[in-house]
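I opened the model and went through it residue by residue. These are my notes, in the order I made them.

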Amino acid sequence: MLPISKRLKKNIYLDYASTTPVDPEVKKVMDPFFSLQFGNPSSLHKQGREAKVAIESARNKIANCINAKGSEIVFTAGGTESVNLAVLGVAKNSLKKDHLITSAIEHDCVLNSFKALETEGYKTSFVSVDKNGFVNLEELKKSVRPETVLISIMYANNEIGTVQPIAEIGKWLKIINTERLKKGLTRILFHTDACQATGYLDMNVQKLGVDLMSVNGSKIYGPKQTGFLYVKSGVNLKPNIYGGGQEKEIRSGTENVPGIVGLAKALELVQLTRESENQRIGKLRQYLIAELLKMPNVLLNGVESRELKVNTKESNNIRSLPNNINVIFEGLEGEALMLYLDSYGISVSTASACNATKNDPSHVLMAIGRTETQAKSGIRLSLGKYTKKSELEYLIKILPEIVFTLRGIKK
Ligand SMILES: *Cc1c(COP(=O)(O)O)cnc(C)c1O
């Protein structure tokens, strides 16, 4: 093994699932809104009106991308805030301490919103997943109670890339809700956290059958701390932030005009290149998985094949994101591997970026049945629009020696 000073420092970023660089085109459309068109959209003068036009145009562009109406888009400061608004906003909209359902593998922003509600007396259910990370649909259906008000299931998982059958759940829920309305029960609302899915999957909210959908900019080559919540017409939410009544009184505060403009551009760009990027990145993923699995004692988390072979025209057969690879290297610590790779200028992540500072094993890897030791031996490699095959080839070249060293085996 080369001493640190002799190691070639590449600049290989394989952590696109934690965040992405801002696309130069996105930056360009944001630029005028910092110092030239700096107005407050709530102001009635010329500068204010210009800013208002800009955010309303962004709103309509976003609505177009997801087959919604402009009035159904609420701008927020990112994925976490959108999710908090959806979950807490539905729960607190009724005066009762109702019941809410989610899955065991959600992002912390969902899980911790649910846990916060529990401490206030709300009832919750966390539905388990199978060994590939697919939500147990039978269990989901059985966990519905008369007092259930929300089901929140993520579109694609941030750690292992598994894609949930959102449209299928949406269809089932529609039937359930018709029955419930006849019985005089409240309609169950359906939220999906789509933060990882936005760049790669169909975001058509009508097809998905969702009432609420959380999206952020920082995962799609847009600015950080930008995002939106899709709120279907007729769905009422209790705000989490009070103030001047912006965003139809659901989310007060002066709008992040450059951020909103950038978010809309970022969403348009990723949705435009979605199909071709799925092909290109999907092939890179296939290559990298095949190479990694050639190494001894390496286990893949999530599904290897991105598409379900049975092609039912109706349902979406995509089962995994094209850019996510999560592997366990048995007999070593994922964190040590991540740091070694960093010393070569290769950026990867253990489990998810948000968990990286905690020493707990990943709740996602535990939920798919990995042991605690295995869960701590995992790394996530996430690809993106600037990933080149040569970068992956370099990784594969240097990886065996690092793995041998960390496992304490002489090569
Ligand atoms: C990143 C992410 C979030 C949080 O988004 P922020 O913009 O960082 O607040 C939520 N859910 C998923 C699935 C994510 O990947």
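**Thr124 and its surroundings**

I looked up Thr124 and, leaving aside neighbours within four places in sequence, found it in contact with His99, Leu100, Phe114 and Glu118. Contact here means heavy atoms within 4.5 Å. I am working on a predicted model, where local features need pLDDT of at least 70, side-chain atom pairs count only at pLDDT 80 or more, and totals for chains, interfaces and linings use all residues. Residues are numbered from 1 along each chain as its sequence is written, and side-chain values use heavy atoms, with hydrogens and water left out.

Thr124 sits in strand β4, residues 123-127. Helices (H or I, at least four residues) and strands (E, at least two) are DSSP runs, numbered from the N terminus. Thr124 counts as buried, at 16% relative accessibility. The cut-offs are under 20% relative accessible area for buried, over 50% for exposed, and partly exposed in between, with a 1.4 Å probe and protein chains only.

**Cores**

Which residues have the most contacts inside the largest nonpolar core? I noted Met213, Phe228, Leu292, Phe329, Leu341 and Ile346, in a core of 93 residues. Helix α9 (residues 257-272) gives the most to this core, with 9 residues. Apart from this core lies another, of 23 residues, among them Val83, Val110, Phe114 and Leu150. A nonpolar core is a set of buried Ala, Val, Leu, Ile, Met, Phe, Trp, Tyr and Cys residues joined through side-chain atoms within 4.5 Å.

I then took Leu341. Leaving aside neighbours within four places in sequence, Leu341 is in contact with Ile346, Val348, Ile379, Leu395, Ile398, Leu399 and Ile402.

**Helices α10 and α14**

I looked at α10 (residues 274-294) and α14 (residues 389-406): their axes come within 11 Å and cross at roughly 10 degrees. Axes are lines fitted to C-alpha atoms, for helices over the stretch in contact, and angles run from 0 to 180 degrees between N-to-C directions. The two helices are therefore roughly parallel to each other; that label covers angles under 35 degrees.

On the α10 side I listed Leu284, Tyr287, Leu288, Glu291 and Leu292, which meet Lys389, Leu392, Glu393, Leu395, Ile396 and Leu399 in α14. By class, this contact has 8 nonpolar, no polar and 3 charged residues.

**Buried loop residues**

Ser320 lies in the loop between β9 (298-301) and β10 (324-329). Is Ser320 buried or exposed? It is buried, with a relative accessible area of 0%. Not counting residues up to four places away in sequence, Ser320 touches Gly161, Val163, Arg285, Val303 and Arg306. With Arg285 there is a side-chain polar contact of 3.2 Å.

Leu201 is in the loop between β6 (189-193) and α8 (205-208). Leu201 counts as buried at 4% relative accessibility. Leaving aside neighbours within four places in sequence, its contacts include Tyr155, Val163, Arg274 and Leu321. Leu201 and Val163 are 38 residues apart in sequence and 9.2 Å apart in space, C-alpha to C-alpha.

Ser377 lies in the loop between α13 (372-375) and β12 (378-382). Ser377 is buried too, with a relative accessible area of 4%. Beyond four places in sequence, I found Ser377 in contact with Val327, Ile328, Phe329, Leu332, Glu333 and Gly334.

**Exposed residues**

Lys207 lies in helix α8 and counts as exposed at 53% relative accessibility. The side chains of Lys207 and Asp202 are joined by a polar contact of 3.0 Å.

I also looked up phi for two loop residues. Most residues other than glycine have a negative phi. Gln225 has a phi near 55 degrees, a positive value. Gln225 is in the loop between β7 (212-216) and β8 (227-231) and is exposed at 58%. Lys248 has a positive phi, near 50 degrees. Lys248 is in the loop between β8 and α9, exposed with a relative accessible area of 59%.

Definitions and conventions: Polar contact = N/O pair within 3.5 Å; in protein donor to acceptor, adjacent residues only side chain to side chain. Parallel < 35°, antiparallel > 145°, perpendicular 65-115°, else oblique. Nonpolar A, V, L, I, M, F, W, Y, C, P; charged D, E, K, R; others polar.
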